[in-house]
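Open the model in your viewer and follow the stops below in order. Each one gives a selection and what is found there.

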Amino acid sequence: MKRTLLVLLALVLVLGGIGAQGKGESAAQSGPVTLKYAFWGNPDAIGVEQDIIEAFEKLHPDIKIEPVVSGYADYHTKIMTMIAGNMAPDVMRIDDYYFYDFIKLGAVESLSPYIERDGIDLDLYPKMGIEEAVVDGQIYGLPWGTAPLYMLLNLEVFEKAGIPLPSLDWTIDDFERIVRSFNPKVDNVYGYAIDTNNISIILPLVWAKGGSLLSEDKSQYTGDQGGAVAAIQLIADLYQQGYMPKDSVNAGNTEALRRWFSNNNLAMMSGSAQEILAIQNIENIRFEAWTMPQAKDSRNTTVFKSNTISIAKASKQKEAAWTFTKFLRGVEGEDLYVKAKRFPPTLNIPENWDHYLTAGRYPMMIKENSELIAAEYGHTLPLRTGYAAIESKIMPAVQAAMLGKSAQQAMGEIRADIMKIIKTNSK
Amino acid sequence: MDRLEGFPASLSHPSGYYLMNKSRMVRAEHRAALLFLLPNIIGFLIFSLIPTVSSFALSFVDWGLLDKPSFTGLANYRELLKDSIFWLTLKNTALYSFVKVPLNLVLSLLLAILLNKQLRGRNFFRAIAFLPSVCSSVAVALIWAPLLESSNNGLINHMLSFFGIDAIPFLVSPAWAMPSVIFVGLWKELGYFMVIFLAGLQGISRSYYEAASIDGANARTVFFNVTLPLISPTTFFALTTSLIGSFQIFDLTSVLTKGGPANATNTLVMYIYQNGFQFFRMGYASALSLILFVAIFIITLVQNHYSDKWVFN
């Protein structure tokens, strides 16, 4: 028996050895450098990335790019597992929801030395995108797809209901009045709907009520106080009184929201640049990308969210990775993204809007409104380590409030859990 | 026969010589068997045993996947005992399993009995019934989500409205969400277990039924005293695999309800996934996994223990 076990152990070691030897050989290969570039996306998005990769390889024939693609749902898990398994991609896109966790775990290389050395002009990038990429004075990535989370307005629904569009300076009271102006029990048209999957959806209303979910320094939970409770109670009241579709409480209803909006059953919903791209594919739909309702004394209520392109700390080809990152998030890369209409322009180059906009295509005011949001109405998310864990406590509490619990009780019950997450993730 | 020189007395004896040869043969056979089993053993070691043991070890550390694990003793288990979401997900998982599995067994057996009869288009109906089980759970959830919408936009509620029935909050009420998930789970798995039961039913010799018929047994007696006992090994297999599978429910709830509303359909595996791969708490996720492992292990042991009483071999 002992001998059998020894034979088995030897076999496992030999197999492991073969694997390790293979890895060593590939690292020692000479010739063009091959970089692994990780990103998420649907087939359309993958096509755009492929075009950008080809353009880069033409300019840099000594660097080959190997795409590592995944759907968004499992993307960050996959990347994290790759890094843990010593197979880290050299360049990777990271959603800012997870960005701070990646930095805390030491997965990301600081780009500050490269930026300083090459004199990269950071004014080219949206200010809020850069803010999200900076931790302890170091820049850990260049912003990608930085854009507002707009309020999308269905123009046809507003016209049919005889309700004028709100101004860009509309308040939370205007918002409530408009939602209550619709009569869904009669005509099956709702003023507003949400999916309860994401803090970003409810935060604008929390800010508009003068509240917040985390303190300024993100070290305290404030979701059970004043403005936040008022905002959650407003959502709960609108829901319980039938002004929002019953399925709004379902976190898995993103596709349904888009369907209701495009079928003219819904006047307003939150929507990212990605959502706009999907809605634009629906024929004859007329819609606008708007600011979020605001507080009487504060305009900064529209979420301005970013992602980052970062270099893995474990990358063995950091110079080549930096060359590719510079291209991807430089003028050339941005131009290709914008021409493909992957997202609205994110660099401060006004002419890029000419490539993105198509005459007669909605939302027609996206340029003006996006610039306004960036300048006056934008607000970054309270991102920090453990953000996903905090979100996983807050959203079920919001659902509980929508299902009848008082907002004060629902948001108060999770205080201890959230403070524990904050404490654990502050080590 | 003379004693063989140079050999011990026992082996120099004819029977000793035979014993030595026999033991050599047995050893050779063992080696051959081991060689054939080796691919499976290596697979089991790499993909099952080592991860299970590692997971057990990880449950005593705090580890964020990329940082250095730090030993925390029983801290993860102590936290788990105080974690209300853990208890809720355990309750949800048990509810899903203990309601869905009996329903699954009964309905798939009835379906198998029905489709075991000489009906017109029998093969067509068998194929239709089996079809959902070859679909991935994600696809099934994506198909059912719009059908189960709670407003009249949902197909089922739209149809119910023709009969004056108010819209049912299938996926948005804590009371309805779990039954809806169980229903979709049943719809997906019924065909698979129907095929298992069909195989069991077709393995019963006609002679039992003929004997029962001669004895004057009615259909009910035949079913309870002949069919059910004779397919009991199949039922045992279906019960065990269905229960283990149900305890691992993840993809269906993950897409259909994302564990909501208000954690009403959040399950243990989903919670393990969240802790491990969204919150990067590998130690805590491992502790949760171990609880799931122990729960499934105990249930399987109990099933095996009591199988002697009702499984007819």
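A salt bridge here is a side-chain nitrogen of Lys or Arg within 4 Å of a carboxyl oxygen of Asp or Glu. This is a predicted model, in which local features need pLDDT of at least 70 and side-chain atom pairs count only at pLDDT 80 or more, while totals for chains, interfaces and linings use all residues. Residues are numbered from 1 along each chain as written, chains are lettered from A in the order written, and side-chain values use heavy atoms, without hydrogens and water.

Select Glu79(B) and Lys420(A): their side chains form a salt bridge, 3.4 Å from N to O. The rule finds two salt bridges across the interface of chain B and chain A.

Next, select the side of chain B that touches chain A. Helix 2 (14-58), helix 12 (251-256) and helix 13 (268-278) of chain B each give two or more residues to this side; helices are DSSP runs of H or I with at least four residues, numbered from the N terminus. Helix 2 of chain B has the largest share, five residues.

Now show the whole interface. Here 33 residues of chain B contact 38 residues of chain A, contact being heavy atoms within 4.5 Å. The two chains bury about 3000 Å², 65% of it on carbon and sulfur atoms; buried area is the accessible area (1.4 Å probe) lost by two parts on being put together, summed over both. Select Leu66(B), Val172(B) and Phe280(B), which supply 20% of the area that chain B buries against chain A, more than any other three residues.
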